[in-house]
Amino acid sequence: MIGKDEVPALESDRIATWIILISTLAYIGIYTCLSFYAHPAADDFNFANKLIEEGFLKSQYSTYLTWSGRYTSTAVISGFIAGFDLLRGFWLLPLFLIVTTGASFVALAHSIWKESKPTLSVWCYGLALTALYLSGLPSTSETVYWLAGGISYQLGNSLYVLLLAALIKLHRGEGGTRLIVATGLLVLVIAGLNETIMLLQSMSLAVVATYAFVRKTPQRYRLLMFTLTSLVGAAIVAAAPGNAVRSSYYPAAHDIAFSIKESIRWSAIRFFSWGKSPVMWLATLLWVAATASHIPNTASRSSFKSSAFVALLWLSTLTALFFPAFWSMGYAPPNRTLSINYMLFLIGWFLMVSFGTSLLSIRKSVFSKSFLRFIAVVFAICLFTTGNGARALKDLEIAPEYSKQLNERYKKIEQHRGQAAELKVPVLSENPGTIFSADITTKKDDWKNVSYAQYFHLQAIATTYKKL
């Protein structure tokens with residue numbers, strides 16, 4: 001961080017700040033618009049069927065016994081299905097996840113810079129991080145526009161970022177009893193969302209608590225309490241009998257040597273894949289400008305040893321997050337799980353850039369206003385023309401037709417509800433990859449088709465032909 005008496009380069013140029021702010025808002029707006037064309041798929045109907053058959057409380061208990069110990073995600077998914085029409089109200093899910101993602105990054109930026117930067121800059125940094133996160137997500141469809149994946153993973157990511165913001169506030173002695181209680185509850189909620197975010201939270205809190213005890217800070221016992229709370233949540237998840245049932249579907253699981261080797265290999269592959277993104281490097285230039293000082297303060301520079309230690313810790317944790325998938329399933333993490341790895345990569349990347357800016361004593365004078373404005377414009381263009389942004393823009397054109405076809409399917413299903421014959425429906429001609437994760441197939445015995453038929457009270461359902 002920089003002191004109050006230092007003037008960052010980016011902050012002194014309001015035009016560049018507004019370019020970034022407006023472009024990132026517009027970029028996030030694309031994903032917000034796509035929310036209104038999203039539909040439930042695959043496991044979403046499994047959860048709905050279970051809730052309809054067993055009711056809320058019994059479905060939580062039976063899921064814990066027969067499938068998963070993720071007590072938070074199971075409860076929230078069931079709560080959403082119980083509270084909203086799964087078909088007509090599904091758009092509320094991605095909208096909620098996008099808003100909470102943006103709010104969490106803005107909250108993190110506010111907790112770091114609220115005393116040293118104006119509100120406009122704080123919002124700019126928070127929304128820029130949100131846009132970068134959406135642009136680099138391995139799969140937006142699995143992470144944001146799918147009920148089962150969105151609640152289990154994206155909600156966990158947002159709450160973890162919110163936890164970081166709370167820990168920073170507590171470190172400064174802010175918040176009081178309410179913040180302490182809220183943080184404790186937040187830790188317990190996060191632990192029950194998925195195993196990977198549970199691992200990241202427990203590791204993060206253990207490291208912070210250890211540091212606090214070494215430095216004998218006033219918050220050390222509170223941090224210890226949060227760490228123990230996270231471990232209690234982890235124990236509840238791990239103790240679920242359903243974990244053994246779920247593991248039986250993955251015969252290649254529980255190979256320790258294979259899991260370690262593949263975790264290291266995949267972390268290296270993903271690190272370089274995410275790190276070479278043009279948008280990431282443009283954002284890095286802007287971040288350096290944001291953290292550069294008008295007059296570098298030698299006393300506030302980060303030491304090389306502490307920076308190296310944080311870098312090693314970041315890379316080690318990033319590698320460790322690949323381990324749960326290889327251990328529990330025997331293969332690479334699905335894209336929704338990789339969203340956690342990408343979130344940690346993003347936060348760690350810019351933390352290390354901040355350390356580097358401090359170590360190298362980069363001055364504000366290095367960046368001219370014309371250069372900053374040029375980089376801001378190129379950054380905005382790249383957001384919309386590369387990666388997820390380019391695909392989202394294209395999908396915005398075909399999403400209405402995709403949604404129209406599904407709504408027509410629902411009407412046809414309603415007309416045939418309760419009939420004994422197998423119902424044939426046209427295959428979707430448009431599949432917007434940003435929001436589309438899965439659909440029923442030509443095989444009526446496919447598990448997705450069976451779940452679909454059960455939800456709509458049909459004997460069987462299948463699509464008429466395969467899309468060429």
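Helices are DSSP runs of H or I, at least four residues long, numbered from the N terminus. The model shown in these views is predicted.

**View 1. Cavities of the predicted model.** The count comes to three cavities of 30 Å³ or more. The largest cavity has a volume of about 130 Å³. For the second largest cavity, the volume is about 110 Å³. The views that follow take these two in turn.

**View 2. Residues around the centre of the largest cavity.** The lining of the largest cavity is made up of 18 residues. Closest to the centre are Pro40, Ala41, Ala42, Ala438 and Asp439.

**View 3. Helices and residue classes at the largest cavity.** Two or more lining residues come from each of α19 (387–416) and α20 (447–455). The lining of the largest cavity has 12 nonpolar residues. Three polar and three charged residues are also part of this lining.

**View 4. Residues around the centre of the second largest cavity.** This cavity, of about 110 Å³, is lined by 12 residues. Tyr125, Ala128, Ala283, Leu286 and Trp287 are the closest to its centre.

**View 5. Helices and residue classes at the second largest cavity.** α6 (119–136) and α14 (278–291) each supply at least two residues of the lining. The largest share, five residues, comes from α6. By class, the lining of the second largest cavity has 12 nonpolar residues.

Methods:
Residues numbered from 1 in each chain as written. Predicted model: local features only at pLDDT ≥ 70, side-chain atom pairs only at ≥ 80, totals over all residues. Heavy atoms only, no water. 1 Å grid on protein atoms, 1.4 Å probe; cavity = no way out; pocket = protein on both sides within 12 Å on 5 of 7 lines; lining within 4 Å. Points joined across faces, edges and corners; volume = space filled by probe spheres on them. Nonpolar A, V, L, I, M, F, W, Y, C, P; charged D, E, K, R; others polar.
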